[in-house]
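Here is a short note for a colleague who is opening this entry for the first time. Please read the points alongside the view below.

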Amino acid sequence: MLKKLLVLMPVVLFTSCVTNTEYEPVVEQPQYPAIEIEEVEPVVEDEVVYDTYDSDPWNPDNFVNLRSPQLLLQDTPHGEIAVRHIEFMNDNLYGRMPFTYREKEAAAWIVEELLAMGHTWDYIEVQEFSMYSPLVWSMMWQHPRYTLANNWGAEDFYLRNLSQNVILTVPGQSERKIVVGAHYDSLPYPGASDNASGTSLLLESAQRIIDMDNYHTIVYVFFGAEEIGLLGAHVYYNRLTQQERNNIVMMINADVLFEGEFFVYGAGYANNMTHPLARPDSGPYQNSVTNTVSEVAQNIRESHDIQIATVPDIAFASSDQLVFLYHGHTVVFLLGADLILSDEGWGFAHYGDYALTVRVLHSPRDDFHYINENWPYKISDAMWTFSLFLEGLLLAEYSDLH
């Protein structure tokens, strides 16, 4: 597989690598039939709103029994398992909109996959939350129905009262923990890059970590309802005890992993953030944890000829790591991106006259088969890169902060 030497500083070296691939819309997207369920009055118990027909929803007997093709770890290259999961989510679990039954179906599938790979219910938690809880309501950017129907043209969907996080804990030698997150919800599109990519990366990592001797406790969190306000991340963090918060070494977030030519990560922490979406005047700042992250990245580059670059500024990009950054934690954000001239369009990180941007985000083009046809080998290359890098990050030992 061909590799390009990736150097982000100085930015002028990017100019020869910039691509200008034009994507045409997918001609026809498959559509799920509308879920025909009558509206019912919610039942309120301890400030959590449940659907009256949604009793015991996480009993394994009630699962949808969807399974993606299984691959054994022996002799399986990094990233290949994740690619299979992405294709499965793309074709069978597209339109995973927040607070819908498709989102719940995706969460049930994630639980099934974790159980199938050998994890047990003792270490899996399904963390439900209501859209009407005070925290969620206050953090919601817009009401889900308005966002999905008016902003994104979604039709024929039934809105539940609940969303959920799926949490897997893998104990380590230390109680100090690394939180690894990815949201699994999407807008009304297949959502291959956003964010079946991050979800599938975590699933492959969770399968590989079973037989490894990890020093830190690793907590995989598959966040629900990210697309309308990072809601799953807010709920997860809000329900941690102070001791659990103090034990967080760092939070790693994976989102939109094959959106362009470049594989990048941003690491750091922030001071004096006044809101999860408000960028501080300076930063992100570096510490002993980010120094170790840089060492891991360099080792991976040298040992596997991987093209991954550090762009600290993307730690402030809008995704679930912002909740942890806001509360003072060190974060690492993994994503794929493209490079354009700043005056040619929107970018989430800037370098002189250039900006990092995305190609298929929040559009029907975010489709596994479309991307493979128009962008050959990008998905497999991205998942191989990030799988190796994430494994290196999880198996490293980190000293105390600051």
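Are arginine 359 and aspartate 338 buried or exposed?

1. Arginine 359 is buried, and aspartate 338 is buried too. Buried means under 20% relative accessible area, exposed over 50%, and partly exposed in between (1.4 Å probe, protein chains only). This is a predicted model: local features need pLDDT of at least 70, side-chain atom pairs count only at pLDDT 80 or more, and totals for chains, interfaces and linings use all residues. Residues are numbered from 1 along each chain as its sequence is written, and side-chain values use heavy atoms, with hydrogens and water left out.

2. The two side chains meet in a salt bridge, 2.4 Å from N to O. Arginine 359 sits in the loop between strand 12 (354-357) and helix 10 (368-374), and aspartate 338 in strand 10 (residues 331-341), so the pair ties together parts 21 residues apart in sequence. Helices (H or I, at least four residues) and strands (E, at least two) are DSSP runs, numbered from the N terminus.

3. The whole structure has three salt bridges. The term requires a side-chain nitrogen of Lys or Arg within 4 Å of a carboxyl oxygen of Asp or Glu. Glutamate 204 forms one with arginine 208, with the closest N and O atoms 2.8 Å apart. These two are four residues apart in helix 5 (residues 192-208), about one helical turn. Glutamate 204 is buried at 0% relative accessible area, and arginine 208 is buried at 10%.

4. Arginine 102 forms a salt bridge with glutamate 105, at 2.7 Å between the closest N and O atoms. Arginine 102 is buried, with 12% relative accessible area.
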